[in-house]
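I am opening a new notebook page to record what I looked up, one entry at a time. The sequence and the structure come first, and my notes follow.

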Amino acid sequence: MSIFSNIGFPGVVLIVIAALIVFGPNKLPEIGKALGETLREFKNASQDIMNDKPKKKQ
């Protein structure tokens with residue numbers, strides 16, 4: 001998560017406030033859940049690809 005390391009706490013607060021204004025408090029949990037599931041699937045797929053690499057012959 002090196003992308004978020006440069007934002008800092010004030011930046012995160014601004015992003016959360018903007019998200020509340022744009023999506024509303026009722027829609028944010030659904031968006032967060034969908035984002036979490038997407039990231040989990042991407043991580044699992046990445047790990048599967050890394051595990052499927054053929055080993056080098058010596």
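Entry 1. Is Glu30 buried, partly exposed or exposed? I looked up its relative accessibility in this predicted model and found 49%, so Glu30 counts as partly exposed, because the exposed class begins only over 50%.

Entry 2. I then looked for the partner of Glu30, and I noted that Lys27 forms a salt bridge with Glu30, with 3.4 Å between the closest N and O atoms. Lys27 is partly exposed too, at a relative accessible area of 42%. When I searched the whole structure for salt bridges, the count came to 1.

Entry 3. I turned to the overall fold and wrote down 2 helices and 0 strands for the protein. Of its 58 residues, 5% count as buried, and the accessible surface comes to about 5,800 Å², with 65% of that belonging to carbon and sulfur atoms.

Entry 4. Next I checked helix α1, which covers residues 8–23.

Entry 5. Which residues form the nonpolar patch on the surface? I listed Phe9, Val13, Ile17, Ile21, Val22, Phe23 and Ile31, which together have about 700 Å² of accessible area. Helix α1 gives the most to this patch, with 6 residues.

Entry 6. Last, I consulted the UniProt record, where an unreviewed entry lists residues 6–23 as "transmembrane region". I kept in mind that such an annotation may be inferred rather than shown by experiment. In the model, the end C-alpha atoms of residues 6–23 lie 25 Å apart, and the span is 89% helix and 0% strand.

Methods
Residues numbered from 1 in each chain as written. Predicted model: local features only at pLDDT ≥ 70, side-chain atom pairs only at ≥ 80, totals over all residues. Heavy atoms only, no water. Helix = DSSP H or I, 4+ residues; strand = E, 2+ residues; numbered from the N terminus. Buried < 20%, exposed > 50% of the residue type's maximum accessible area, 1.4 Å probe, protein only. Areas by Shrake-Rupley, 256 points an atom, 1.4 Å probe, with all protein chains shown as cover. Patch = residues over 30% accessible without salt bridge, like charges linked within 9 Å, V, L, I, M, F, W, Y side chains within 5 Å. Salt bridge = Lys/Arg side-chain N within 4 Å of Asp/Glu carboxyl O.
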